Amino acid sequence: MRTVYAITGGVSKFVKARHDKTFQAVVKEAYDYAIQDISLDHKTFTHLVDGSVASYFSDHFTRQLMAGIMVQDYLGLTPKPGHRVEGGGATGGICFQEAWKSVASGHMDICVAYGFETMSHVETWKGNEFIALASDVSFDYPVGGFYSGYYAMMVTRHMKEFGTTVEQMAAVSVKNHLNAYHNPYAQKRDRFTIQDVRNAPMVAWPLTRLDICVMSDGAAAVIFASEEGLRRLEDAGARIARPLVKVSGIGRGTDAMRMADRPHVDYDDFMQNYATQQERGSDETRTYYRRLWDHGTRYPGVHSFRAGRTAGNMAYKMAGIADPLKDLDFVELHDAYTSSEIQTYEDLGLCRYGEGGPFAASGKAFMPGIDYGLELPAPPVCPVNPSGGLIACGHPVGATGLMQGVFALWQLQGSLARHFNDSTLQVQNARRGAIHSHAGTGTYVTVSILEKV
Amino acid sequence: MAELPTQRDETLGGYIVHGVPFPLSSDPEALAFLKKLAPIQIEQEYKITYLHSYGQDSPWFAGLSNRRLLANQVPTSGYTYAMPRGHDAYSGEETAWIDITDRPASVHAFTVCYFGSQEFLPETPYVLAMIEFEGVNTLLLSRLMGVDPQQPSLDWIGMRVNPRFLRNSKLKPTDVYFIPA
């Protein structure tokens, strides 16, 4: 595999509804921003780019099949190669990785990944119905198909098994909304208290409206290049920021569509097939897990995502990461729910399984220099969702995973202040970050590592 | 005092416009004004009836309509799936049908949905539960009745439950639901 650089990106502002433009034109906003940010004009870039990968989740929302080719056409990329990828909420993360593969494999030298979703053409509760159709329509959907309900069931099990509290979940909401206050691309930029989160309307117990991401219209684009691609772009006048940012690891995992079908494996199976390198190497952690299993914990059950753990382990191995909390300077992860951010801390090895709740409220995942109005016992170690994540930025599904890629790229370039017109969210001396994209009840999960060269 | 609503519910329906604003002349200056026109939105209806087949899982629904709860078991390993699955994920082997109607069952996880997808909004609040059965390796997603949706409690987890069946089958997974034992 060749080295692949993420060289530039763009994001449209995520909002509740973009009735002013069709989805093609919204993608063009993100795409044009990416091209302009390396000082190229449309015609020059179009001549040089080898092809694309398109990302959008649902054909239902726009009642339009083959929307990807309509974007390809609108951007002026025809007749160059392109295809659409789809994997639920992880569609953007999958797109990021497929564009990476196009370059890593040598098939392309310059590839653009673009993604979008238009969710505003139907009412919110019809939108929830469309999303719920991404659960088994014979067995899950008819029982009361509602994704917030599925995640709420995971939470109750997590709470029962590990003692996770609603206040710990609310801390995630406070953090992500306040981070987004400094992100002009975000849909919800608010200061909330733990009490605000708990007093918000209950959607699916114990998740309130402020524990859950919103539906959005939006688009994002990331451009990848090989060494040869960089040379071609720069020969044509592109100004590409140094130090460069490369994608040093990718990982992906899957799990059963029906959450009820997930296995409940024993301790030995967990340690052998799912434990992180760090967990396997620690006597204390092995004893901790042995104790959990003695008290009835089984893995992944409905409280954990083995697809996330599998994706993380794979990406870490490729990128040479042994201690994620120490080796990563920030993480942009798929916080469709505050609870799933907590579950994902554990999957990604930022803490051990069962310790996600205390980790959420510890302060370790918060940004330095922001007053969250919370008493946080520990200083920030590895900010999680410095952008505000899905909860505050919004979740236009096909764009979300690419939005994470763009924000991670800007963090590593050290250019966030220029793009946000605010330096608050710039992680100082960020060297390596992870992005994490997640589908369904944990059915497809991608983890990609970006690193300053 | 509870917070009073300050906004009425919105629906997609609106006024039908018979005259769309447009410049009276087609000179460049008038046409340039079109860039300032607000977007036009129309309603599009989309309604389909599918003939959905349950395929190899059909006997499970036949069981429900006869007040029996079936499961699939792998003949060689004994691994048992609470929700129908024609072939085992681990061996690729074809599974057999077994009857678990009378197995001890309990709540593994649950939630109360106060909102839902549009189709289920009229049924809110409703309780979703993952049910575990003795000697069965996976769970079953179902509805839980006989508990107060306004008083959810983690104590519901672990509660013993029994299946109940609709008298008039709808040939849907909701033909079975659970109540405290």
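**Close-up 1. A:W293 and its contacts.** Leaving aside neighbours within four places in sequence, A:W293 is in contact with A:D266 and A:Y267; "in contact" is used when the C-beta atoms of two residues, placed from the backbone, lie within 7 Å. Keep in mind that this is a predicted model, where local features need pLDDT of at least 70, side-chain atom pairs count only at pLDDT 80 or more, and totals for chains, interfaces and linings use all residues. As for the labels, residues are numbered from 1 along each chain as its sequence is written, while chains are lettered from A and ligands numbered from 1 in the order in which they are written.

You'll find A:W293 in helix α13 (residues 283–294) of chain A; helices (H or I, at least four residues) and strands (E, at least two) are DSSP runs, numbered from the N terminus. A:W293 counts as partly exposed because it has 16 C-beta neighbours inside 10 Å. The scale goes like this: 20 or more other C-beta atoms within 10 Å of a residue's own make it buried, 12 or fewer make it exposed, and anything in between is partly exposed, with C-beta atoms placed from the backbone. Now look for A:S120: its C-alpha atom is separated from that of A:W293 by 45 Å, and the two residues are 173 residues apart along the chain.

**Close-up 2. Where chain A meets chain B.** Here 33 residues of chain A are in contact with 39 residues of chain B. On the chain A side, α5 (124–132), α6 (141–144), α7 (147–162) and β5 (202–204) each supply at least two residues. The largest share, eight residues, comes from α7(A). Sorted by type, the chain A side has 16 nonpolar, seven polar and 10 charged residues. Nonpolar covers Ala, Val, Leu, Ile, Met, Phe, Trp, Tyr, Cys and Pro; charged covers Asp, Glu, Lys and Arg; the others, Gly among them, are polar.

**Close-up 3. An open sheet in chain B.** Three strands line up in the order β2-β1-β3, with antiparallel pairing; two strands pair if DSSP finds at least two bridges between them. At the edges sit β2 (80–81) and β3 (96–99), each pairing on one side only. β1 (residues 70–73) pairs with β3(B) over four bridges, and B:N72 has B:W97 as its bridge partner.

**Close-up 4. Strand β4 of chain B.** Eight of the nine residues of β4 (residues 105–113) are buried, so this strand is largely enclosed by the rest of the structure. β4(B) pairs antiparallel with β5 (residues 126–133) over eight bridges, including B:F110 with B:A129. It also pairs antiparallel with β7 (residues 160–165) over two bridges, where B:A105 stands opposite B:V161.
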